[in-house]
Amino acid sequence: MNRKKECVAMLLAGGEGKRLELLTKNLAKPAVYFGGKYRIIDFPLSNCTNSGIDTVGVLTQYQPLVLNSYIGIGSAWSLDRKHGGVTVLPPFQAQNGGDWYKGTADAIYQNINFIEQYNPKYVLILSGDHIYKMNYAKMLKHHKQKEADVTISVIEVPWEEASRFGILNTTDDLRIHTFDEKPANPQSNLASMGIYIFNWELLKSYLIEDAQNPHSSHDFGKNVLPTLLQDGKRLYAYQFEGYWKDVGTVESLWEANMDLLENEPQFNLNESGWRMYSVNPNQPPQYISSRATVSQSLINEGCLVDGNIDHSILFYGVQIGEGSMVKDSVIMPNVKVGKNVVIEKAIIGENTVIEDGAIIRAKVGDERDIVLIGENSRIMAEEDTVQTKVH
Amino acid sequence: MEIMGVINLDNEQDFLNELTYFRCGAAVPFAGRYRLIDFVISNMTHAGMTDIAVFTRKKYRSLMDHLGKGKSWDLDTKYGGLFILPPDWNDPTDISKGDLQHFHNNLDYFYRGKAEYVLVSGSQHICTVDYQEVYEHHLKTGADVTVIYKKVEMLEPEHKHCRKLETSDEGRVIKVTNEEYNNNVYMNMYLVSKKLLLQLVEYGIAHGATHFFNDCIASETANLNVQAFEYKGVYSVVNSVQSYYKNSLQILNPDFYRELFFSEQTILTKVKNEPPARYLQGSVVSNSLVGNGCIIEGTVENSILFRGVVVKKGAVIKNSIVMQRCDIQENSILENVILDKDVTLTEGKRLIGNEQMPFVIPKQKVI
């Protein structure tokens, strides 16, 4: 008989992340870099480890190579366990055919066998595109206290922004009575964070039923949760307080990075009681030369700084040449910046080379003021002008 | 694999005063995130060595904590890997003394290893020597033993305590001496076939020898074909507080830094999960090495900060080495100082050492 796990986490990491444009050309959104050394998926995985959840299924689909090799056997997050640990779950074919994951609910449905191995009481559903620190054990405790069938984690958003989110309307007791997807006139400012706890037996029966419904788009938010609500099941909200950011767009990714640069950041990576784990490359300590100046920045190991860094983030192995100026920017791993380069409000993809004298900043009249340069590019300064050419 | 490794710490004295009160020299933190032993282990694994033993005698708790099962060097394998071999204190059949005893008590390590050759090294000579090259040299010259040396341009005080090689024009070692003014500094590393090593150990034990290299190799240069291999890369010796301080700060030379860390031969160490270093508004950092997890609001100049050091507003650190998790509070001043791990310097304190003789503060002090 299988040993029972109380709670198994299922992390939805198959998203393409189209709105991150060049950054997700060759990798899935959860593998996108964040905060000077992390990838987005480090945050939910570290939260699992810190919350005592040691069994995690990671559902992958789009461009899985980098993500798969990054997760490995999960040792970076102490998820290399004999019973449980992390398992990467790509779509597969069986005797009676098979298919890509058609929606979030379908992805879980197709992996019922994985979950059944652990015979869990609860299943925690997570997504791989949020930056936050959350103790899932507290949410589970809340779920048990309310004797809920489903618990949905929510965060209070500013009233004026509430119409951009999926809003949950609850009683004073936090029992959910209605959902509003992007309501014009929101009745509440409790937005769903896309984090759910289900009683497994119940979820399983609903997933099987949903899979047989040809009219369903097999999505938790659109199909499964509304059906559960209609059937009078006990759905509760769990209120999360703290920093939470969806980094699904270039703007929000840049903003969330910049949030880390405050003197007292709301999202503190240095907190020793809730450590964020990631795969650590072996790099020497960073070297700041006597010509360099660095202010209000995050700099990772293996960087060689000879220029001026102001309010920016440098990932590992970045080199900044003499006389160069980096401001309000995020420079991803192993980028080589030459001499007398100016980079302002930009995100530079990994392994890119920026040659001497190039100037990277948005031009007047550009649609967006954040410049995005993809990985493995080479940027040259055009002669006699400040225009730059992207190759 | 052709070579197995022995990191022999038996003959290394606790040469770093306060820094070696509670740990052996090999476990002393170095260069912002490493420990001295990391350099030799990384060189060994880089050469493809998969069986590595550490002969350790004293104060090895922090060394064992650092090395673990050798995971950081990919030495946590099912067969072979890393062997930490402390001394056998109570072996009644043991008649030898010195490090020869250590070799003799661990014959099983040599018998079980599949390699035909053994590379023995200490931990005080920081370098990026390629042991595969040494091995090729060994085969080409048909040597019984190949010893590694560095021809230094200038003899420094730390070289005084090193042994020197006297060689023939063909590179054969004629004598290993204690001569003060010889530039061929012996790096405490040699390669020998396992078969010969075992013979020499037996012979040494039978003849009442104590020190394996001195008694069984260095004094037998007339009978053995001992060849010298010259190492030409970056190099430092750490065998005193002064040399530790001087050679640490030498890494701030960008050329030295690049050659030590950015050659193909990466130096590996136990990783910590520290976030990137945070430079706050008002921080002034120049010509310094900074580890991850540091939070800097003050001034840091010509210094090395290990991981997780906090430098508060108004604090000034100059020509100093500050180890893991030290907390330098507002308006404190450090100059020519070595702070061991977890030291707290409370507000407004001044610690100023001498350029030649830095001030050393032991672990966990609150000043």
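Predicted model: local features only at pLDDT ≥ 70, side-chain atom pairs only at ≥ 80, totals over all residues.
1. Helix axes here are lines fitted to C-alpha atoms, for helices over the stretch in contact, and angles run from 0 to 180 degrees between N-to-C directions. Helices themselves are DSSP runs (H or I, at least four residues), numbered from the N terminus. Residues are numbered from 1 along each chain as its sequence is written, chains are lettered from A and ligands numbered from 1 in the order in which they are written, and side-chain values use heavy atoms, with hydrogens and water left out.

2. Start with chain B. Helix H3 (residues 98-105) of chain B and helix H6 (residues 194-206) of chain B cross at roughly 125°, and their axes come within 10 Å. That angle is why H3(B) counts as oblique to H6(B); the scheme calls angles under 35 degrees roughly parallel, over 145 roughly antiparallel, 65 to 115 roughly perpendicular and the rest oblique. The crossing is left-handed, meaning the near helix is turned anticlockwise from the far one by less than a right angle (clockwise would be right-handed).

3. Who touches whom in that pair? From H3(B) come Leu100(B), Phe103(B) and His104(B), and they meet Leu197(B), Val201(B), Glu202(B), Gly204(B) and Ile205(B) of H6(B). Contact means heavy atoms within 4.5 Å. Sorted by class, the contact of H3(B) with H6(B) has five nonpolar, two polar and one charged residues. Nonpolar covers Ala, Val, Leu, Ile, Met, Phe, Trp, Tyr, Cys and Pro; charged covers Asp, Glu, Lys and Arg; the others, Gly among them, are polar.

4. Now a helix pair in chain A. Helix H6 (residues 200-211) of chain A packs on helix H7 (residues 220-230) of chain A at about 120°, with the axes 11 Å apart. H6(A) is therefore oblique to H7(A), and the crossing is right-handed. On the H6(A) side you'll find Leu202(A), Leu203(A), Tyr206(A), Leu207(A) and Asp210(A), which meet Phe220(A), Asn223(A), Val224(A), Thr227(A) and Leu228(A) of H7(A). The class count is seven nonpolar, two polar and one charged residues.

5. On to domains, whose bounds come from an automatic or database domain assignment. Chain A splits into domain 1 (7-259) and domain 2 (287-379), with C-alpha centres 34 Å apart. In chain A, 17 residues of domain 1 contact 22 residues of domain 2. About 1,700 Å² is buried between these two domains of chain A, 70% of it from carbon and sulfur atoms. Buried area is the accessible area (1.4 Å probe) that two parts lose on being put together, summed over both.

6. For chain B, the assignment gives domain 1 (3-261) and domain 2 (278-361), and their C-alpha centres lie 33 Å apart. The two domains of chain B bury about 1,800 Å² between them, 67% on carbon and sulfur atoms. In domain 1 of chain B, Gly32(B), Tyr245(B) and Leu252(B) lose the most area to domain 2, together 35% of what that side buries.

7. Last, the chain-chain interface. Chain A and chain B bury about 3,200 Å² between them, 47% of it on carbon and sulfur atoms. Asn282(A), Pro285(A) and Tyr287(A) lose the most area on the chain A side, together 22% of what that side buries.

Definitions and conventions:
Helix = DSSP H or I, 4+ residues; strand = E, 2+ residues; numbered from the N terminus.
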